[in-house]
Amino acid sequence: MLLAQEAVDLRLDLSTWDMLLLGTYFAFVIGIGFALKRAVKTSGDFFLSGRSLPAWITGLAFISANLGAVEILGQSASAAEYGAAVVHYFWIGAVPAMVFLGIVMMPFYYGSRVRSVPEFMRLRYDRKAHLINASTFVLASLLIAGVNLFALATVIEALLGLPDEWAIVLSAAFVLTYILLGGLSSAIYNEVLQFFVILAGLIPLVIIAVKEVGGIGALFDALGARNGEAFTSAWEGTGPGGANAFGDVFGIVVGLGFCLSFGYWTTNFAEVQRAMAAKSTNAARMTPIIGAYPKVFIPLITILPGMCALVLIPGLGESGGVEYNNAIPALMDAYLPAGALGVAVTGLVAAFMAGMAANVSSFNAVFTYDLWEEYVRPGRSDAYYLWVGRLATVAGVVIGIGTAFIAANFENISNYFQVLFTFFNVPLFVTFIIGMFWKRATAGAGFWGILVGTLGALGTYVFYKFIPVLEFRSDLHESFWGGIVAFVLGAATIVLVSMRQQPKTDDELRGLVRGLELRDMQEGELAFYRRPVPMGVGSLVIAAALYVGMSLL
Amino acid sequence: MSDRTDQEPTDADRAKVLRLAKLFDLRTFIGSLFVIFGVVVSLEGATASAEEIAKASDINISLWSGLAMLAVGLGFLAWMLAQPPVLPAADTSMERPDSTR
């Protein structure tokens, strides 16, 4: 009710100049598509940017692909609901996995010259494992694209008063156009542009919100007094019998920090594809590590405003009040004047497009290379697959619009994501990591590892949600433990199955397993800021320092 | 990317390709968008009413964020001009032995 009234006021506040900003942004988005159109000659250009981009571009795209409207609204909603502990998603739930991906796994992904993550699965294991990976990825991409559309619709409806059907179709049409024109390069260029617009839109909002609450120290004092000390602390109440909504220390460190986060960041082709577009092995390895640096500070523009909103927006999250998911839009409405408001609205729309485009541009590659070329129509010309990829892009966007309605039925979008990741990603991660480091893992073991791991995660969920045998503090807490179950069962299955089967020969495994690498690493000659190991360690140190800094507040 | 011919590219061709490469460099896009945003938003800030400034916790946020965006935009353009894009040596760069099977 409240938001609907505010939205009416806001619509009047959005000046003609602010609309012009939004229009300018859309013109640039399409302009990038046309500019890059000339560079798309082969399917490799369309799906992998011709493996030609510098590391700073792929690195920022890597982080921007994960900075969609869903993440921004979802993380600020989680912060308002669960408190400061949401930083775990970033400092332990992302940075270590990104560093691991760059240092340890990227030499195999990039060095083996596979064109997608599922393709690695096919070469390392067999077609059964490949099919399960490719098809679950395609389904998840379409679902997530729908979730992004839904998030956009809520923002546009609240802020601009534009009917959500129109907002969905219009924005989806823009994403479709620029990907059709410029392929992955277009998606990546736009992601980098979006990254800066998102920052320009949200930083002023955070500055005002923090000033209004009297500084971060005062905010933490006020929320601590109101919601309990654990609410403003990352680790308080994570011991046995504690009340931290994120659950226990073991669940956070092993479940989120290892299983879920490694599962997400190291196997998600929407992310890894950005690194595969890099121009060299070293640039590919640097991609997630360059992304780790902004990732460390993203909580300042998502979690911090979410917590400020709890103080500044009366009735946030209460029945009849503003929903948690609208914490940032409500702050924008209350505090941003003309000009800054236009940039912030553009930033949120940009964030939606980043999320949607990342899913569409990875979906079309996996659909074309891994499903169509592998199983339906193999051995055609490259021009044919380029054409299939363009058609798949259109189909992906259309289906994404349809799945937006599925997303509308879930209250907290973040939780919904976590559930999905537990089911798909952790079993895939355990299969990849064992495949990369244990030569003995057999062709057939991958499929069984994924199957049993997924069933483990699903079983944990069912026995918590529907047949209440297991007890957890929250859905998040359940998802961490579901990840651990999936990891352990998946690993055990791969080992057991491998013991009973004939291993692959060295020739079949060249480039795919440790000890049989194809890469040539000349890291020693580069300046330290171009080397993955020192830069990766640097981002871990910053993340650790921020945990310490926050505990002192 | 000029058409593939057997003739050596002339200096005029090279200059034209370099001009296009600069125009279509990502830093040009980011830089010019931020310059436009910076100018528009700081003008909105400069003409903001007292009421609007009071709304934003007594900070003229549009003016300041507009000027900051202008600076970032000029920075990107300067970076592009200081380190222009490097053109591929030959126009075989898009061909890769492993891009098709």
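**Note on a predicted two-chain model**

1. The side chains of A:Glu374 and A:Arg127 form a salt bridge, with N and O 3.3 Å apart. A salt bridge here is a side-chain nitrogen of Lys or Arg within 4 Å of a carboxyl oxygen of Asp or Glu. The two residues belong to distant parts of the chain, A:Glu374 in helix H17 of chain A and A:Arg127 in helix H9 (residues 127-160) of chain A, 247 residues apart. Helices are DSSP runs (H or I, at least four residues), numbered from the N terminus. A:Glu374 counts as buried because its relative accessibility is 11%, and A:Arg127 counts as partly exposed at 42%. The cut-offs are under 20% relative accessible area for buried and over 50% for exposed, with partly exposed in between (1.4 Å probe, protein chains only). Salt bridges with shared partners join A:Arg115, A:Glu119, A:Arg122, A:Arg127, A:Glu373 and A:Glu374 into one network.

2. On the basis of the model: it is predicted, so local features need pLDDT of at least 70 and side-chain atom pairs count only at pLDDT 80 or more, while totals for chains, interfaces and linings use all residues. Residues are numbered from 1 along each chain as its sequence is written, chains are lettered from A and ligands numbered from 1 in the order in which they are written, and side-chain values use heavy atoms, leaving out hydrogens and water.

3. A second salt bridge joins A:Glu373 to A:Arg115, at 3.5 Å between the closest N and O atoms. A:Glu373 lies in helix H17 (residues 340-376) of chain A and A:Arg115 in the loop between helix H7 (95-111) and helix H8 (117-124) of chain A, so this pair ties together parts 258 residues apart in sequence. A:Arg115 and A:Glu119 are both buried, and A:Glu373 is buried too. Over all chains, the whole structure has nine salt bridges.

4. The largest nonpolar core has 205 residues, and A:Tyr25, A:Tyr109, A:Phe246, A:Met307 and A:Met332 have the most contacts inside it. Such a core is a set of buried Ala, Val, Leu, Ile, Met, Phe, Trp, Tyr and Cys residues joined through side-chain atoms within 4.5 Å. Helix H10 (residues 164-213) of chain A gives this core its largest share, 25 residues. Leaving aside residues up to four places away in sequence, A:Tyr25 touches residues of both chains, including A:Leu193, A:Met353, B:Leu33 and B:Phe37.

5. Helix H4 (residues 55-64) of chain A is largely enclosed by the rest of the structure, because nine of its 10 residues are buried. Among them are A:Ile57, A:Leu60, A:Phe62 and A:Ile63.

6. Between the chains, 34 residues of chain B are in contact (heavy atoms within 4.5 Å) with 46 residues of chain A. The area buried between them is about 3,700 Å², and carbon and sulfur atoms give 68% of that. Buried area is the accessible area (1.4 Å probe) that two parts lose on being put together, summed over both. Across this interface the rule finds zero salt bridges. On the side of chain B that touches chain A, helix H2 (26-46), helix H3 (50-55) and helix H4 (61-82) of chain B each give two or more residues. H2(B) gives the most, with 12 residues.
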